[in-house]
Amino acid sequence: MNEQDVKHNKELPKGRSLWGDGLRRLRKHKLAMVSLGIIAVYLLLTGFIYIAELFDCQFELIKWDAKVGSEYEPPGAENVFGTDFLGRSVLRKTLYGAKVSITVAFWASVISLVIGVPLGAIAGYFRGVIDEIIVWLYTTLSSIPYILLILAFALVLKGKTINLEWAGLGTIELAGITTVYLAIGLTSWVGICRLIRGEVVKHKERDYILAAKSYGCSNSRIIFKHLIPNVFHLVIISFSLRFVSFIQAEVILSFLGLGEKNRPSWGAMIDAARLDLPKGYWWEMTAATAAIFFISLALNIFGDALRDALDPKLRVQ
Amino acid sequence: MVNANNLLAVSNLKTYFAIKKGLLRRTVGYVKAVDGISFSIEKGQTLGLVGESGCGKTTVARSIIRLVPATAGQVIFEQTNVLSADRKRLGKLRRDISLIFQDPFSSLNPRMTVGNIVGEPLKVQKGLAGSELTEKVAALLSKVGLSPDHINSYPHEFSGGQRQRIGVARALVLEPKLVICDEPVSALDVSIQSQILNLLKDLQEDFGLTYLFIAHDLAVVEFFCDVVAVMYMGRIVELAAAEELYENPLHPYTRILMSAIPRVEPTLRGQRIPSAGEVPSALNPPSGCAFAQRCPLVEQVCLKQMPILEEKGGYKEHFVACWKCQ
C-alpha cells in the first residue's frame, strides 16, 4: 500500500472485526483478566531468566544451585520456602522450574500446531485418498495410550543427535528438555488435527468458498486466506487449553526420570521431594505443586473464557 | 436455437452424481441431477430457470462454471467450450462469468472486510493492489447503493439486503459478460427483494449484462426475465418467451405452477389446480415422462416413453416436452 492509500483508509470508519468483538468480550471477563495476569507473571519470569542467562547477569534469584543455608531448613524469614537436601533455596528452584516447564509447553504446542493445523486443513479440504491416509495416521496414533507413546518417543529420542549441517545449523543434541518437547509435540498433534479437519469440512461447503473458487482462487489461497482464518480461533483456544496438559506432561516425564536432569524443573523437584515427605520435609513438594496449581488453574480459566469470547456459538447459557 | 447472437449455448448438459457404497466405495448408482438440458441466452437477455426445490437448477448453474464437474454435454460461451477448457482458458472464463449466491449470510467470508471481499477477484485475476484497488471497489460500492465508507466494515455489520448488495458488487467487479444469479432474492424479505431486483435491472442496462436467473418464485421471474425455462427432475419441460409462457402455458406442470401464483386482483384468480402425488425419487427415476405420476392428463404413452422438448402447435419458439400437447 502506498502512503496516499493508507491515509485514505485511515479516514474511513473502522469496522468491527470478529477478532475485535472477541477481545471486547474477553476484557469484560474479570476472572479471565486475573488469570491472564498470572500467566503473564510466569511468562515474564521465563523471559527474565532467559535474558539474564544470555547476558550472564549475576542476579541472586536465578542462582538456584548456590548453597544458602543448612540442609532441610524449614520455611522462615531468610528462606521463604526453606531449603533442600543440599541447602539450596527451594524458592529459587521453583522460580527456575518455570523456565523449563514454560519452554517445554511452548515448543510442544508449536510443534503440534505446525503438524496438526496444515494436516487437518489439507485432509478436510481435499478429502478423498489424502484424507483417508491422514485420518488413518491419527486414529492409529491416538489408539496408543498417550503416556506410553510419549515415553516411547522420549526413550527413542534420548541421546540422539539431529544433523542439520546441510542447512548450516550444525547438529542438535537431543538431551534434557529438547527430548521432552519433541516427544510431547510429535505425539499430541492428533487432537488439533481432528478438530481443524472437522471444521474445514464444515466450512468448505459454504457459499463463500464456492464464490472464491468461481472467480479463480487457487487451492492454497482458499486454504490460507479463507479457511484457516475462519478456523483459527479454535487453534488459539486449543493452544491455551493444551498448554496446561503439556506442562503436566513435562512434570510426569521429569518425575519418571526422562526429563531435565541437570537443572531444576517442577517434575524433578516433586521426584526429589517424594522421599523427603515421610520425613516431614513438606516444603519442596508444596512449592512445586503450588507453582503447577496456579498456572494450570489460570490457563484453564483463561482458556474457557477465550472459548466463550471467540466462539460465542459454543457458549452454553 | 443456434444463433450468432448467443452468448451462452448449453447443449445436452448432463451432471450425474455417483452414489458410492461399501468398503471399496463401489458405484451403485447415479443421481441424475441434470439430465440432458439445452438452452441458449442471447447477449443482453435474461433467461429464467424455474422449478421446484431439488430439480437441478443450482446444479445447472454450478456445472456451467465447472464448480461441479459435468458428466456430458457442451457449454459454449463465446465460441469456447467451457467444459473442455484448459486451466488458462478457464481462468479467463471465470472473469467473464460470475455468480451471485442465494444466501447472503453464508456467501461472504465473515473474517474479511467488505473491501477485501469485493476486491479479491481483482487481486486474484488482475493483480491489482493499493489505491487503484480501493478506488475501484469504492466506486462499485456506491454503484450498488452502499456507501464507500463501508469499505472497512465486516459482513456481520450489515442487513440481509445490504449483504446481497455486497454479493452483487463482488460478482460485477471483474466486469463479467454473463452473471448467473442463483436465487438471489429468495432469502430476502419481500420489500428488499424488489430493491435488489431493481438494482439488478439497472446494472443490466448500465453494463450490458446477460443474466441466467434461477428462481422458484414465478412472480419474480415474470417481472425479470425475457425467456423462461421450466425444469422438472433435471430436465426442461417447457421453454418460451416470458409473455408467451405466462399467457399460454402448455405443459401440465407449468399450468399447476401458474395456478399457484398468488394474485391480488380477485378477477385474475383462476381455478387452483391441485397437485397430486409426490416427486419421484431421483435415484430411481421412472422410464417414461418424469411427471406422469402426478399428471392429470396421463396416458399409456406417458408412462412408457420419455417425451422430447420440441416446438409445438403453431406457437412460435414455444418448446414443450409433453405427449399430450399438440
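**Exercises on a two-chain predicted model**

Strand β1 (residues 6–21) of chain B runs antiparallel to β2(B), and 13 bridges join them. This is a predicted model, in which local features need pLDDT of at least 70, side-chain atom pairs count only at pLDDT 80 or more, and totals for chains, interfaces and linings use all residues. Residues are numbered from 1 along each chain as its sequence is written, while chains are lettered from A and ligands numbered from 1 in the order in which they are written.

**Exercise 1.** Describe how the domains of chain B touch.

*Solution.* An automatic or database domain assignment provides the bounds, giving domain 1 (6–225) and domain 2 (251–261 + 272–326) of chain B. Their C-alpha centres lie 29 Å apart. With contact taken as C-beta atoms, placed from the backbone, within 7 Å, 5 residues of domain 1 of chain B are in contact with 6 residues of domain 2 of chain B. On the domain 1 side, β2 (26–42) and α7 (218–224) of chain B are the elements that give two or more residues, and β2(B) gives the most, with 3 residues.

**Exercise 2.** Characterise the side of chain B that touches chain A.

*Solution.* First, the contact takes 29 residues from chain B and 26 residues from chain A. Then, on the chain B side, at least two residues each come from α2 (87–96), β6 (97–100), α3 (114–126) and α4 (130–143) of chain B. Lastly, sort that side by class, counting Ala, Val, Leu, Ile, Met, Phe, Trp, Tyr, Cys and Pro as nonpolar, Asp, Glu, Lys and Arg as charged, and the others, Gly among them, as polar: the residues divide into 11 nonpolar, 12 polar and 6 charged.

Notes:
Two residues are in contact if their C-beta atoms, placed from the backbone, lie within 7 Å. Helices (H or I, at least four residues) and strands (E, at least two) are DSSP runs, numbered from the N terminus. Two strands pair if DSSP finds at least two bridges between them.
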